[in-house]
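Subject: Structure handover

Hello,

Here is the structure I promised you. Please open it beside this message and follow along.

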Amino acid sequence: MSNVTFPPLKNDLILRAARGQHTERAPVWVMRQAGRYLPEFRELRQKYDFFRLCQTPELATQVTLQPIDRYPDLIDAAIIFSDILVIPQAMGMEVLMNPGPVFTKPLDVPEDMHALQTDGIKERLQYVFDAISLTRTRLAGRVPLIGFCGAPWTLMSYMIEGGASKTLQKSKTWLFKYPEQSKALLQVLTTACIEFLVGQVEAGAQLLQVFDSNGGDLSPHDFAQFSLPLPRVLRRRSPPQANYDTVGLDWTVDPRDSSIPRDVALQGNLDPTVLYGGRGAIEQEVKRMCAEFRAARPTTGWIANLGHGITPGVDPDDLEWFFQCVHKYSSLDSK
Ligand SMILES: Cc1c2[nH]c(c1CCC(=O)O)Cc1[nH]c(c(CCC(=O)O)c1C)Cc1[nH]c(c(CCC(=O)O)c1C)Cc1[nH]c(c(C)c1CCC(=O)O)C2
């Protein structure tokens with residue numbers, strides 16, 4: 001589906017695992033791998049505002065490649081440097097990063113939705129597509145490139161709460177007090193997400209991840225109603241790249257949990273705090289994680305990752321050790 005040709009891929013481990021194929025070892029990457037724990041990232045961040053980095057393809061590409069250059073032969077995927085909140089921005093909402101996201105005018109009542117610009121969203125996100133194409137070229141086939149977006153419910157909750165929230169009281173109130181308007185907003189966001197993801201694949205993204213960070217706050221019934229439609233629609237628009245072939249787990253879920261469908265590959269799930277525990281703790285926990293995933297998926301694929309984004313204080317050498325431990329303990333011949 002990509003419009004451009006790029007250098008041939010040398011490492012397709014994560015693509016095979018995401019499709020459910022058994023791999024010689026688990027592919028590995030970490031969420032927020034281009035982030036504040038890296039001194040080279042902090043250096044650039046001192047010069048540029050967060051969204052300036054996202055909006056300038058040359059800079060976004062440079063940041064995306066930082067972990068790939070630092071850990072050659074250890075990381076199996078790059079993820080485009082951006083943020084889930086670029087969609088609300090493209091709908092005309094102002095978002096600042098200081099240090100977490102802050103919306104200057106969150107949605108308060110359904111009438112506020114009239115101010116949202118629902119046409120031309122994909123066009124205003126062209127900078128992400130340009131960053132993806134440039135990154136694909138500069139990756140030169142070393143590893144696949146992941147594109148992403150936030151899931152509609154997570155975006156809606158940020159747009160109403162105005163930032164991170166523990167209780168999601170305002171956005172959940174919308175669901176129950178203004179159900180029709182909430183559905184309309186989710187519909188607009190679903191369309192925007194799908195156009196955005198399809199555009200990323202056209203620009204060169206080889207794998208897509210949808211972050212539904214606030215999905216766990218919905219009841220199973222509301223999750224099915226408000227969050228699950230996206231992959232079904234996406235699948236119709238962009239087969240076969242866009243199946244939810246893989247489900248990401250955090251550390252509160254045991255990969256052997258019988259409620260997890262059998263027909264998906266798994267990704268996860270080390271508690272990022274383990275990375276503060278020193279080499280002994282990292283090795284022990286990675287070994288245990290690999291054994292659990294191997295038991296859960298003895299003949300199909302899984303992807304090693306943290307259960308959440310890496311945090312700013314981690315020593316980059318300890319992350320290197322994490323990668324080395326995954327290589328060792330997820331190999332077919334490891335005990
Ligand atoms: C909810 C959410 C956001 N953004 C994202 C999510 C979903 C995943 C999750 O639940 O964490 C996803 C995201 N954010 C970022 C990426 C880039 C790719 C990567 O390296 O993983 C990705 C995939 C960069 C970022 N996004 C952000 C940073 C740090 C900001 C900085 O450089 O000042 C980075 C590297 C900021 C951000 N952006 C967001 C928050 C809540 C924060 C503050 C939290 C934090 O500080 O880590 C919104």
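The protein chain has two assigned domains, domain 1 (38-244) and domain 2 (249-335). Such bounds come from an automatic or database domain assignment. The C-alpha centres of domain 1 and domain 2 lie 25 Å apart. Six residues from domain 1 and five residues from domain 2 make the contact. Two residues are in contact if their C-beta atoms, placed from the backbone, lie within 7 Å.

Two notes before you go on. This is a predicted model: local features need pLDDT of at least 70, side-chain atom pairs count only at pLDDT 80 or more, and totals for chains, interfaces and linings use all residues. Residues are numbered from 1 along each chain as its sequence is written.

**The core**

Start with the largest nonpolar core, which has 94 residues. A nonpolar core is a set of buried Ala, Val, Leu, Ile, Met, Phe, Trp, Tyr and Cys residues joined through C-beta atoms within 7 Å. Buried means 20 or more other C-beta atoms within 10 Å of the residue's own; exposed means 12 or fewer; partly exposed is in between, with C-beta atoms placed from the backbone. Ile80 and Ile87 touch the most other members of this core. Helix α10 gives the most to it, with eleven residues. Domain 1 and domain 2 each supply at least three residues. Leaving aside neighbours within four places in sequence, Ile87 is in contact with Ile121, Cys149, Gly150, Leu155, Ala192, Cys193 and Phe196.

Helices (H or I, at least four residues) and strands (E, at least two) are DSSP runs, numbered from the N terminus. Strands pair if DSSP finds at least two bridges between them. Two bridges join β1 to β4 (residues 145-150). Across that pairing, Ile79 stands opposite Ile146 in β4.

Is Ile146 buried or exposed? Ile146 is buried, because 21 other C-beta atoms lie within 10 Å. Leaving aside neighbours within four places in sequence, its contacts include Ala77, Ile80, Ala205 and Leu207.

**A β-α-β unit**

Next, look at strand β8 (residues 302-306). Five of its five residues are buried. Trp302, Ala304 and Leu306 point one way, and Ile303 and Asn305 point the other way. Five bridges join β8 to β7 (residues 265-270), and the two strands run parallel. Asn269 stands opposite Asn305 in β8. With helix α13 (residues 278-296), β7 and β8 make a right-handed β-α-β unit. Right-handed means that, with the strands pointing away from the viewer, the path from the first strand over the helix to the second runs clockwise.

**Helix α9**

In α9 (residues 169-177), Ser171, Trp174 and Leu175 are buried. Seen down the axis of α9, the buried residues fall within an arc of 100°, so they line one face of the helix. That arc is taken over the directions from the helix axis to the C-beta atoms. Gln169, Thr173, Phe176 and Lys177 are exposed on the other side. The buried residues pack against α8 (152-161), α10 (179-203) and α11 (220-226).

**A last stop**

Gln55 is in helix α3 (residues 50-55). Gln55 is partly exposed, with 19 other C-beta atoms within 10 Å. Gln55 and Thr23 are 32 residues apart in sequence and 36 Å apart in space, C-alpha to C-alpha.

Best wishes
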